[in-house]
Amino acid sequence: MKTLKIGVIGIGVIATTKHIPSLLKRDDIEIKALCDIEPEKCEKTKKDFGLDARIYTDYHALCKDPELDVVHVCTPNPLHCEMTLEALSNGKHVHCEKPMACTYADTQKMIEAAEDAGKKLTVGLQWRYNPAPMRMKQMIKDGYFGDIYYMKSQQLRPRRLPAYGVYTNKALNGGGVLMDGGPHSIDLPMWLTDNYDVASVRGVIFDKMKDYPEGNDLGPWDPNNFDVEDTAMAMITMKNGMMIYMETAWLINMLQEAPGVVASLAGTKAGADMVGPKFESSIRINEYKDGKLTVTTPEITEAVNMNEYDINHWIDAIKNDTDPAVLPEQASVVTRVIEAIYESAASGKTVYFE
Ligand SMILES: NC(=O)c1ccc[n+]([C@@H]2O[C@H](COP(=O)([O-])OP(=O)(O)OC[C@H]3O[C@@H](n4cnc5c(N)ncnc54)[C@H](O)[C@@H]3O)[C@@H](O)[C@H]2O)c1
(Lines give C-alpha, C1' and ligand atoms only; values in the text may rest on other atoms or scores of the structure.)
Protein backbone atom coordinates (compact mmCIF):
# COMPACT_ATOMS: atom_id res chain seq x y z
CA MET A 1 0.00 0.00 0.00
CA LYS A 2 1.09 3.58 -0.64
CA THR A 3 3.55 5.19 1.78
CA LEU A 4 1.95 8.32 3.22
CA LYS A 5 4.12 11.42 3.10
CA ILE A 6 3.67 13.61 6.16
CA GLY A 7 4.53 17.20 7.08
CA VAL A 8 4.53 18.51 10.65
CA ILE A 9 3.95 22.16 11.58
CA GLY A 10 5.17 23.36 15.01
CA ILE A 11 8.23 21.38 16.05
CA GLY A 12 7.85 21.77 19.83
CA VAL A 13 7.16 19.42 22.71
CA ILE A 14 4.09 17.56 21.41
CA ALA A 15 5.53 17.13 17.90
CA THR A 16 8.77 15.66 19.20
CA THR A 17 7.34 13.54 22.05
CA LYS A 18 4.09 12.26 20.53
CA HIS A 19 3.65 12.79 16.79
CA ILE A 20 7.08 12.14 15.33
CA PRO A 21 8.08 9.17 17.56
CA SER A 22 4.66 7.50 17.18
CA LEU A 23 4.62 8.03 13.40
CA LEU A 24 8.13 6.61 13.07
CA LYS A 25 7.02 3.34 14.70
CA ARG A 26 5.26 2.62 11.38
CA ASP A 27 6.95 1.55 8.18
CA ASP A 28 4.21 2.87 5.87
CA ILE A 29 4.81 6.59 6.44
CA GLU A 30 7.61 9.04 5.76
CA ILE A 31 8.03 12.42 7.44
CA LYS A 32 9.05 14.58 4.49
CA ALA A 33 8.61 18.12 5.83
CA LEU A 34 8.98 20.07 9.07
CA CYS A 35 7.91 23.67 9.68
CA ASP A 36 8.62 26.05 12.55
CA ILE A 37 9.20 29.78 12.82
CA GLU A 38 12.35 28.75 14.69
CA PRO A 39 14.09 26.70 11.97
CA GLU A 40 16.78 25.47 14.36
CA LYS A 41 14.10 23.34 16.02
CA CYS A 42 13.47 21.67 12.66
CA GLU A 43 17.21 21.15 12.07
CA LYS A 44 17.63 19.55 15.49
CA THR A 45 14.60 17.31 15.09
CA LYS A 46 15.65 16.27 11.60
CA LYS A 47 19.03 15.25 13.02
CA ASP A 48 17.71 13.67 16.24
CA PHE A 49 15.23 11.45 14.37
CA GLY A 50 17.36 10.91 11.24
CA LEU A 51 14.67 12.36 8.94
CA ASP A 52 14.95 13.02 5.23
CA ALA A 53 12.73 16.10 5.47
CA ARG A 54 12.49 19.53 3.87
CA ILE A 55 12.45 22.45 6.30
CA TYR A 56 10.02 25.35 6.06
CA THR A 57 9.51 28.46 8.16
CA ASP A 58 6.25 29.42 6.43
CA TYR A 59 3.37 27.01 6.98
CA HIS A 60 1.69 28.06 3.74
CA ALA A 61 4.70 26.68 1.86
CA LEU A 62 4.56 23.36 3.73
CA CYS A 63 0.82 23.08 3.03
CA LYS A 64 1.49 23.60 -0.68
CA ASP A 65 4.25 20.96 -0.80
CA PRO A 66 2.91 18.65 -3.54
CA GLU A 67 4.58 15.55 -2.15
CA LEU A 68 2.66 15.64 1.14
CA ASP A 69 -0.52 13.64 1.77
CA VAL A 70 -0.95 14.53 5.43
CA VAL A 71 -0.26 17.54 7.67
CA HIS A 72 0.02 17.42 11.47
CA VAL A 73 -0.70 20.76 13.17
CA CYS A 74 1.24 21.01 16.45
CA THR A 75 1.37 24.78 16.95
CA PRO A 76 -0.21 26.96 19.68
CA ASN A 77 -4.00 26.86 19.87
CA PRO A 78 -4.98 30.12 18.09
CA LEU A 79 -3.16 28.89 14.95
CA HIS A 80 -4.97 25.55 14.69
CA CYS A 81 -7.90 26.74 12.60
CA GLU A 82 -6.04 28.78 9.97
CA MET A 83 -3.35 26.10 9.51
CA THR A 84 -5.90 23.29 9.25
CA LEU A 85 -7.93 25.24 6.68
CA GLU A 86 -4.81 25.94 4.65
CA ALA A 87 -3.74 22.29 4.67
CA LEU A 88 -7.24 21.04 3.78
CA SER A 89 -7.57 23.54 0.95
CA ASN A 90 -4.34 22.11 -0.46
CA GLY A 91 -5.82 18.62 -0.39
CA LYS A 92 -4.08 17.24 2.71
CA HIS A 93 -5.55 15.12 5.50
CA VAL A 94 -5.08 16.93 8.84
CA HIS A 95 -4.28 15.79 12.35
CA CYS A 96 -4.70 18.87 14.54
CA GLU A 97 -3.64 19.03 18.17
CA LYS A 98 -6.15 19.80 20.88
CA PRO A 99 -8.03 22.02 21.44
CA MET A 100 -9.38 21.72 17.91
CA ALA A 101 -9.67 25.54 17.82
CA CYS A 102 -10.33 28.36 20.25
CA THR A 103 -13.92 28.97 19.14
CA TYR A 104 -16.82 26.72 18.23
CA ALA A 105 -17.33 28.74 15.03
CA ASP A 106 -13.78 27.92 13.95
CA THR A 107 -14.28 24.19 14.63
CA GLN A 108 -17.36 24.28 12.42
CA LYS A 109 -15.34 25.90 9.62
CA MET A 110 -12.75 23.14 9.95
CA ILE A 111 -15.36 20.38 9.72
CA GLU A 112 -16.96 22.00 6.67
CA ALA A 113 -13.55 22.44 5.02
CA ALA A 114 -12.71 18.76 5.56
CA GLU A 115 -16.06 17.76 4.04
CA ASP A 116 -15.57 20.09 1.07
CA ALA A 117 -12.04 18.79 0.47
CA GLY A 118 -13.09 15.16 0.94
CA LYS A 119 -10.19 14.76 3.38
CA LYS A 120 -9.96 13.39 6.91
CA LEU A 121 -9.59 15.46 10.04
CA THR A 122 -8.85 14.38 13.60
CA VAL A 123 -7.84 16.00 16.89
CA GLY A 124 -5.31 14.88 19.53
CA LEU A 125 -7.60 13.80 22.36
CA GLN A 126 -5.62 10.68 23.16
CA TRP A 127 -6.14 10.47 26.93
CA ARG A 128 -9.25 8.34 26.37
CA TYR A 129 -7.04 5.62 24.90
CA ASN A 130 -5.59 4.34 28.15
CA PRO A 131 -6.43 0.79 29.25
CA ALA A 132 -8.58 1.89 32.22
CA PRO A 133 -11.01 4.15 30.34
CA MET A 134 -11.13 1.66 27.48
CA ARG A 135 -12.23 -1.06 29.96
CA MET A 136 -14.71 1.33 31.58
CA LYS A 137 -16.19 2.15 28.19
CA GLN A 138 -16.67 -1.51 27.35
CA MET A 139 -18.38 -2.11 30.72
CA ILE A 140 -20.64 0.91 30.12
CA LYS A 141 -21.59 -0.50 26.70
CA ASP A 142 -22.31 -3.87 28.31
CA GLY A 143 -24.70 -2.14 30.74
CA TYR A 144 -22.69 -3.10 33.83
CA PHE A 145 -23.30 0.20 35.63
CA GLY A 146 -27.00 0.55 34.77
CA ASP A 147 -28.27 4.09 34.26
CA ILE A 148 -25.28 6.43 34.64
CA TYR A 149 -26.45 9.76 36.00
CA TYR A 150 -23.34 11.40 37.49
CA MET A 151 -19.74 11.57 36.33
CA LYS A 152 -16.70 13.41 37.52
CA SER A 153 -13.55 14.12 35.58
CA GLN A 154 -10.44 15.52 37.14
CA GLN A 155 -6.97 16.63 36.33
CA LEU A 156 -5.73 18.48 39.39
CA ARG A 157 -2.01 19.10 39.15
CA PRO A 158 -0.50 20.58 42.33
CA ARG A 159 2.30 22.41 40.45
CA ARG A 160 2.55 21.44 36.79
CA LEU A 161 2.14 24.48 34.61
CA PRO A 162 3.89 24.17 31.22
CA ALA A 163 6.14 27.18 31.78
CA TYR A 164 7.69 26.91 28.30
CA GLY A 165 6.14 28.22 25.06
CA VAL A 166 3.07 30.48 25.20
CA TYR A 167 0.84 28.72 27.75
CA THR A 168 0.51 31.70 30.14
CA ASN A 169 -0.30 34.24 27.43
CA LYS A 170 -3.97 34.57 26.54
CA ALA A 171 -3.44 36.20 23.14
CA LEU A 172 -0.94 33.55 22.06
CA ASN A 173 -2.52 30.50 23.72
CA GLY A 174 -6.23 31.37 23.58
CA GLY A 175 -6.60 30.75 27.34
CA GLY A 176 -4.96 28.86 30.17
CA VAL A 177 -5.50 25.44 31.70
CA LEU A 178 -8.99 25.19 30.24
CA MET A 179 -7.41 25.19 26.75
CA ASP A 180 -4.66 22.82 27.90
CA GLY A 181 -5.93 20.10 30.27
CA GLY A 182 -9.56 21.11 29.72
CA PRO A 183 -10.12 19.37 26.37
CA HIS A 184 -9.09 15.97 27.76
CA SER A 185 -11.14 16.37 30.95
CA ILE A 186 -14.24 17.45 29.03
CA ASP A 187 -13.87 14.79 26.36
CA LEU A 188 -13.21 11.78 28.60
CA PRO A 189 -16.63 11.47 30.32
CA MET A 190 -18.46 12.26 27.07
CA TRP A 191 -16.47 9.69 25.13
CA LEU A 192 -16.97 7.08 27.87
CA THR A 193 -20.74 7.45 27.69
CA ASP A 194 -20.85 8.20 23.96
CA ASN A 195 -22.81 11.31 24.81
CA TYR A 196 -21.85 14.70 23.39
CA ASP A 197 -25.38 16.08 23.69
CA VAL A 198 -24.87 19.00 26.09
CA ALA A 199 -27.84 20.83 27.65
CA SER A 200 -26.08 23.49 29.75
CA VAL A 201 -22.78 24.60 31.25
CA ARG A 202 -21.99 26.54 34.43
CA GLY A 203 -18.29 27.28 34.76
CA VAL A 204 -15.88 29.05 37.08
CA ILE A 205 -12.23 29.95 36.45
CA PHE A 206 -9.50 31.14 38.81
CA ASP A 207 -6.11 32.81 38.38
CA LYS A 208 -5.17 32.83 42.04
CA MET A 209 -1.79 31.10 41.78
CA LYS A 210 0.19 33.13 39.27
CA ASP A 211 2.20 34.83 42.01
CA TYR A 212 3.30 31.49 43.50
CA PRO A 213 5.79 30.13 40.92
CA GLU A 214 7.88 28.17 43.43
CA GLY A 215 8.03 24.40 43.11
CA ASN A 216 6.56 24.13 39.62
CA ASP A 217 7.53 20.77 38.05
CA LEU A 218 8.18 22.42 34.68
CA GLY A 219 10.15 25.42 35.94
CA PRO A 220 9.24 28.95 36.99
CA TRP A 221 7.20 31.40 34.93
CA ASP A 222 7.11 35.16 34.65
CA PRO A 223 4.08 36.48 36.63
CA ASN A 224 4.15 39.57 34.39
CA ASN A 225 3.42 37.36 31.37
CA PHE A 226 0.51 35.49 32.92
CA ASP A 227 -3.00 36.58 32.03
CA VAL A 228 -4.78 33.21 31.89
CA GLU A 229 -6.66 30.97 34.33
CA ASP A 230 -4.73 28.32 36.25
CA THR A 231 -7.86 26.45 37.39
CA ALA A 232 -11.28 25.77 35.88
CA MET A 233 -14.32 23.94 37.20
CA ALA A 234 -17.61 23.26 35.42
CA MET A 235 -20.95 21.61 35.86
CA ILE A 236 -22.02 20.22 32.50
CA THR A 237 -25.52 18.82 32.21
CA MET A 238 -26.44 16.57 29.32
CA LYS A 239 -29.77 16.41 27.47
CA ASN A 240 -30.40 12.91 28.87
CA GLY A 241 -30.19 14.34 32.41
CA MET A 242 -26.67 13.11 33.25
CA MET A 243 -24.37 15.58 34.95
CA ILE A 244 -20.59 15.87 34.59
CA TYR A 245 -18.51 17.74 37.13
CA MET A 246 -15.19 18.71 35.54
CA GLU A 247 -12.15 20.00 37.39
CA THR A 248 -8.85 20.96 35.80
CA ALA A 249 -5.90 22.80 37.33
CA TRP A 250 -2.23 23.43 36.62
CA LEU A 251 -1.64 24.75 40.12
CA ILE A 252 -3.76 23.87 43.10
CA ASN A 253 -3.22 23.10 46.76
CA MET A 254 -5.42 20.03 46.61
CA LEU A 255 -4.24 16.48 46.27
CA GLN A 256 -5.28 14.10 43.54
CA GLU A 257 -3.64 10.72 43.90
CA ALA A 258 -3.69 9.98 40.16
CA PRO A 259 -1.26 12.17 38.21
CA GLY A 260 -3.35 12.46 35.04
CA VAL A 261 -6.79 12.75 33.50
CA VAL A 262 -9.25 10.53 35.39
CA ALA A 263 -12.98 9.90 35.46
CA SER A 264 -15.43 8.43 37.94
CA LEU A 265 -19.04 7.50 37.44
CA ALA A 266 -22.17 6.60 39.37
CA GLY A 267 -24.77 4.33 37.84
CA THR A 268 -27.84 2.65 39.28
CA LYS A 269 -26.19 -0.80 39.35
CA ALA A 270 -22.57 0.10 40.13
CA GLY A 271 -19.98 2.86 40.08
CA ALA A 272 -16.35 3.05 39.03
CA ASP A 273 -13.33 5.26 39.21
CA MET A 274 -9.74 5.46 38.03
CA VAL A 275 -7.49 5.80 41.04
CA GLY A 276 -3.94 5.63 42.29
CA PRO A 277 -0.59 6.15 40.65
CA LYS A 278 -1.41 3.51 38.02
CA PHE A 279 -4.71 5.17 37.15
CA GLU A 280 -4.18 4.56 33.41
CA SER A 281 -4.58 0.83 33.87
CA SER A 282 -6.56 0.35 37.07
CA ILE A 283 -10.22 0.84 37.82
CA ARG A 284 -12.10 0.35 41.04
CA ILE A 285 -15.70 -0.86 40.92
CA ASN A 286 -18.11 -0.34 43.76
CA GLU A 287 -21.48 -2.07 43.91
CA TYR A 288 -23.94 -3.89 46.10
CA LYS A 289 -23.22 -7.55 45.46
CA ASP A 290 -23.87 -10.84 47.28
CA GLY A 291 -25.69 -8.98 50.06
CA LYS A 292 -23.03 -6.39 50.78
CA LEU A 293 -21.29 -3.30 49.47
CA THR A 294 -18.23 -4.52 47.61
CA VAL A 295 -15.17 -2.89 46.06
CA THR A 296 -13.25 -4.79 43.38
CA THR A 297 -10.29 -3.93 41.16
CA PRO A 298 -10.44 -6.07 38.02
CA GLU A 299 -7.09 -6.94 36.54
CA ILE A 300 -6.29 -4.99 33.39
CA THR A 301 -3.30 -6.40 31.57
CA GLU A 302 -3.71 -4.80 28.14
CA ALA A 303 -0.82 -2.48 27.34
CA VAL A 304 -1.97 0.50 25.30
CA ASN A 305 0.21 3.48 24.50
CA MET A 306 -2.29 6.33 24.12
CA ASN A 307 -0.10 8.36 21.77
CA GLU A 308 0.58 5.44 19.43
CA TYR A 309 -3.09 4.42 19.56
CA ASP A 310 -4.14 7.89 18.42
CA ILE A 311 -1.56 8.05 15.63
CA ASN A 312 -2.07 4.45 14.45
CA HIS A 313 -5.84 4.87 14.19
CA TRP A 314 -5.30 8.09 12.31
CA ILE A 315 -2.97 6.61 9.72
CA ASP A 316 -5.14 3.49 9.40
CA ALA A 317 -8.22 5.69 8.91
CA ILE A 318 -6.57 7.42 5.97
CA LYS A 319 -5.33 4.17 4.45
CA ASN A 320 -8.56 2.24 4.91
CA ASP A 321 -10.93 5.16 4.41
CA THR A 322 -12.48 4.68 7.86
CA ASP A 323 -13.25 7.11 10.69
CA PRO A 324 -10.34 8.26 12.83
CA ALA A 325 -10.53 7.40 16.54
CA VAL A 326 -11.24 11.00 17.52
CA LEU A 327 -14.04 12.45 15.41
CA PRO A 328 -13.85 16.18 14.66
CA GLU A 329 -17.52 16.51 15.64
CA GLN A 330 -16.63 15.32 19.17
CA ALA A 331 -13.69 17.72 19.45
CA SER A 332 -15.94 20.51 18.20
CA VAL A 333 -18.39 19.97 21.09
CA VAL A 334 -15.44 20.00 23.50
CA THR A 335 -14.47 23.46 22.22
CA ARG A 336 -18.07 24.60 22.46
CA VAL A 337 -18.08 23.57 26.14
CA ILE A 338 -14.77 25.40 26.75
CA GLU A 339 -16.24 28.52 25.19
CA ALA A 340 -19.36 28.15 27.36
CA ILE A 341 -17.24 27.76 30.53
CA TYR A 342 -15.47 31.06 29.78
CA GLU A 343 -18.80 32.73 29.02
CA SER A 344 -20.42 31.39 32.16
CA ALA A 345 -17.40 32.33 34.30
CA ALA A 346 -17.57 35.89 32.98
CA SER A 347 -21.35 36.33 33.34
CA GLY A 348 -21.93 34.22 36.46
CA LYS A 349 -24.80 32.58 34.59
CA THR A 350 -25.55 29.17 33.15
CA VAL A 351 -25.09 28.85 29.38
CA TYR A 352 -27.81 26.80 27.68
CA PHE A 353 -27.17 24.89 24.45
CA GLU A 354 -29.88 24.57 21.85
N1 LIG B 1 -2.62 16.01 23.06
C2 LIG B 1 -1.97 16.38 24.13
O3 LIG B 1 -2.03 15.75 25.19
C4 LIG B 1 -1.11 17.62 24.08
C5 LIG B 1 -0.06 17.79 24.97
C6 LIG B 1 0.72 18.94 24.86
C7 LIG B 1 0.42 19.92 23.91
N8 LIG B 1 -0.65 19.72 23.09
C9 LIG B 1 -1.01 20.76 22.11
O10 LIG B 1 0.01 20.87 21.13
C11 LIG B 1 0.16 22.23 20.71
C12 LIG B 1 1.61 22.64 20.89
O13 LIG B 1 2.00 22.47 22.24
P14 LIG B 1 3.53 22.24 22.65
O15 LIG B 1 3.49 21.89 24.10
O16 LIG B 1 4.19 21.34 21.71
O17 LIG B 1 4.09 23.74 22.50
P18 LIG B 1 5.55 24.19 22.07
O19 LIG B 1 5.64 25.62 22.41
O20 LIG B 1 6.56 23.26 22.61
O21 LIG B 1 5.54 24.01 20.46
C22 LIG B 1 4.86 24.85 19.57
C23 LIG B 1 5.77 25.12 18.39
O24 LIG B 1 5.05 25.85 17.39
C25 LIG B 1 5.95 26.78 16.81
N26 LIG B 1 5.21 27.84 16.15
C27 LIG B 1 4.59 28.92 16.69
N28 LIG B 1 4.04 29.67 15.72
C29 LIG B 1 4.30 29.05 14.54
C30 LIG B 1 4.00 29.35 13.18
N31 LIG B 1 3.30 30.46 12.83
N32 LIG B 1 4.45 28.51 12.22
C33 LIG B 1 5.18 27.41 12.54
N34 LIG B 1 5.49 27.08 13.82
C35 LIG B 1 5.06 27.90 14.81
C36 LIG B 1 6.78 27.26 18.00
O37 LIG B 1 7.99 27.87 17.58
C38 LIG B 1 6.99 25.96 18.75
O39 LIG B 1 8.17 25.30 18.35
C40 LIG B 1 -0.83 23.04 21.56
O41 LIG B 1 -2.00 23.25 20.82
C42 LIG B 1 -1.14 22.14 22.74
O43 LIG B 1 -2.44 22.33 23.28
C44 LIG B 1 -1.38 18.60 23.13
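1. Tyr144 is partly exposed at 32% relative accessibility, whereas Phe145 is buried at 1%. Buried stands for under 20% relative accessible area, exposed for over 50%, and partly exposed for in between, with a 1.4 Å probe and protein chains only.

2. On provenance: this is a predicted model, in which local features need pLDDT of at least 70 and side-chain atom pairs count only at pLDDT 80 or more, while totals for chains, interfaces and linings use all residues. Residues are numbered from 1 along each chain as its sequence is written, and side-chain values use heavy atoms, with hydrogens and water left out.

3. There are six aromatic pairs in the structure. Trp127 and Phe279 make a stacked one, with 6.2 Å between centres and 15° between planes. Trp127 sits in the loop between strand E6 (121-123) and helix H6 (131-141), and Phe279 in the loop between strand E12 (270-274) and strand E13 (283-289), so this pair ties together parts 152 residues apart in sequence. Both partners are buried: Trp127 has a relative accessible area of 18% and Phe279 one of 2%. The pair of Tyr144 and Phe145 is edge-to-face, because the ring centres are 5.5 Å apart and the planes stand at 70°. For these terms, rings of Phe, Tyr and Trp (its six-membered ring) pair if their centres lie within 6.5 Å; planes under 30 degrees apart are stacked, over 60 edge-to-face, and the rest tilted. Helices (H or I, at least four residues) and strands (E, at least two) are DSSP runs, numbered from the N terminus.

4. Tyr129, Trp191 and Tyr309 are linked into a cluster by ring pairs. Trp191 also has the charged end of Lys137 over its ring, 4.5 Å from the centre. Elsewhere, Arg336 lies over the face of Tyr104, 4.9 Å from the ring centre. The criterion is NZ of Lys or CZ of Arg within 6 Å of the ring centre and within 35 degrees of the ring normal.

5. Which residues come nearest to the ligand? Of the 26 residues around the ligand, they are Asp36, Lys41, Asn77, Lys98 and Tyr167; a residue is near if one of its heavy atoms lies within 4 Å. An oxygen atom of the ligand is 2.6 Å from a side-chain N or O atom of Asp36, and another listed distance, 2.8 Å, runs from a ligand oxygen to a backbone N or O atom of Ile14. A ligand nitrogen lies 3.0 Å from a polar backbone atom of Gly124. Taken alone the ligand exposes 840 Å², of which the protein buries 88% (Shrake-Rupley areas, 1.4 Å probe).

6. Helix H1 (13-24) and helix H4 (80-89) are the elements giving two or more residues to the shell around the ligand. H1 supplies the largest share, three residues.

7. Gly124 has its C-alpha atom 8.8 Å from that of Ala331, 207 residues away along the chain. Ala331 belongs to helix H11 (residues 328-347) and is buried at 2% relative accessibility.

8. Most residues other than glycine have a negative phi, and most peptide bonds are trans. The bond from Lys98 to Pro99 is cis, with omega near -10°. Asp194 has a positive phi of about 55° and is exposed at 56% relative accessibility. Asp290 has phi near 50° and is exposed at 71%.

Terms used
A polar contact is a pair of N or O atoms within 3.5 Å; within protein, one must be able to donate a hydrogen and the other to accept it, and residues adjacent in sequence count only if both atoms are side-chain atoms.
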